[in-house]
Amino acid sequence: MENGSTLRRSLKLWQIVMIGLAYMTPMVVFDTFGIVSNVTDGHVPTSYVIALVGMLLTAASYGKLVRIFPTAGSAYTYTQKAISRRLGFLIGWASLLDYLFLPMVNALLTQIYLTALFPEVPSWLWVVLFVGLVTFLNLRSVNLLANFNAVFVLIQITMIIVFVILVVRGLQAGEGTGTVFSLQPFISEDMNMGHIITGATILCFSFLGFDAVTTLAEETPNPKKTIPKAILYTALWGGVIFITASFFIQLFFPDVSRFHNPDAALPEIALYVGGKLFQTIFLCTTFANTLASGMASHASVSRLLYVMGRDQVFPEKWFGFIHPKWKTPSINVLVVGAISLSAIFFDLVTATSLINFGALMAFTSVNLCVISHFVIREKKHRTVKGFFNYLVLPILGALSVGILWFNIEKSSLIMGIIWFSIGFVYLLYLTKAFSKAPPQFKEEDVVSELPEMQITS
């Protein structure tokens, strides 16, 4: 690097998992409950189980690849090295949709929540304050960021525990199913598997975040061991939280008939379960959700931009810069902050529709990368274990993502194709109409920073 600085390898496993969980925001289960309960006829936990299985298949593919390519570029790097540099660039470009717009979504959600509480304050001011705080925390230290995220995730988990206790008390008083010991939220005689799978496709997007931890691979001392565990733990623990919380919500609300607005049932859920005071506290906690997710997503996209700058896909002087004191990609952090400020002019529907396309592109590519590297190149499918690990599992992962592609919103697809086309034109310019390969950072420059025991493993 021209500036002579690199990312600081200081993150521990628990810190990375907390960043991943913050990215996923555990309390999102309350935001989507009304919608999915209506779609699944009261079987939200079952849809979460199916979504978790599908996402764990893709998480396994991420874990296999990060052991081979322990750098911060996530799907961009994996595709670049396992399939082709040109396709890698396009996947990285598409992934920017997911990473760039999630910080903006969190700024928009904060604006919505706080404007409702303080209508006399100009709504744009909440966006500026939120983005300013998130940008400042990301500038200073990734450890500071991780510790803040841990606090906010623990706040969310504590609130869910309190919620479950209140639900149990309500059930004992005759609310909902009237009992905790019921499998009705998971299975019933009239359940429709088609509806439940449709619900699972909606809920899969709640798991966005397990892949984001791969962008921290260059900030942990032992990425080949730590990051695969972090991917698995983030997806698994996130799934456990979602399934448990949705089970108790479904016991209290067997159907959506009690909600005035099932598509935005979170305030009503809190009100009916705990009363007005609990509802107020619960809604305040949603700010912790958006702040935690905002910090985690801001960190992830700044690392992806750093890798693409280091590759000289974007100007290295700016995007490949690491602050010599803070050891963070400070210019990228500021760029992402500036882009997030555009939430003042965006609406929530437009921003969220752009996220889905980028995430699905990354998920699809990662599963195909496992097959390309381990089967086509390394021929590791010739044993029973290798056949199952490197061919069967990624195919199942790709198929589970394929179901999501069939259910993607039309607006997401159209905007994603437009963004992808812009990236394709830029790739033509970058490669002089494919007459040369896109630039690529030498992997050994990163590997040489790892402890000697890792290099020889």
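The model is predicted, so local features need pLDDT of at least 70 and side-chain atom pairs pLDDT 80 or more, while totals for chains, interfaces and linings use all residues. Residues are numbered from 1 along each chain as its sequence is written, and side-chain values use heavy atoms, without hydrogens and water.

S340 lies in helix α12 (residues 330-340); helices are DSSP runs of H or I with at least four residues, numbered from the N terminus. Leaving aside neighbours within four places in sequence, S340 is in contact (heavy atoms within 4.5 Å) with P103, M104, A107, V127 and V131.

Next, select helix α4 (residues 75-82) and helix α5 (residues 85-117), which pack at an angle of about 165 degrees with their axes 7 Å apart. α4 and α5 are therefore roughly antiparallel (angles over 145 degrees). Residues A75, Y76, T79 and Q80 in α4 meet residues of α5, among them R85, L87 and F89.

Then turn to the aromatic rings, of which the structure holds 30 pairs (centres within 6.5 Å). Select F30 and F163: their ring centres are 4.9 Å apart and their planes stand at 80 degrees, so the pair is edge-to-face (planes over 60 degrees apart). F30 belongs to helix α2 (residues 28-40) and F163 to helix α7 (residues 142-172), 133 residues apart. F30 is buried, with a relative accessible area of 0%, and F163 is likewise buried at 0%.

Finally, select F89, W93, F314, F319, W419, Y426 and Y429, which form one aromatic cluster.

Conventions
Axes are lines fitted to C-alpha atoms, for helices over the stretch in contact, and angles run from 0 to 180 degrees between N-to-C directions. Helices (H or I, at least four residues) and strands (E, at least two) are DSSP runs, numbered from the N terminus. Angles under 35 degrees count as roughly parallel, over 145 as roughly antiparallel, 65 to 115 as roughly perpendicular and the rest as oblique. Rings of Phe, Tyr and Trp (its six-membered ring) pair if their centres lie within 6.5 Å; planes under 30 degrees apart count as stacked, over 60 as edge-to-face and the rest as tilted. Buried means under 20% relative accessible area, exposed over 50%, partly exposed in between (1.4 Å probe, protein chains only).
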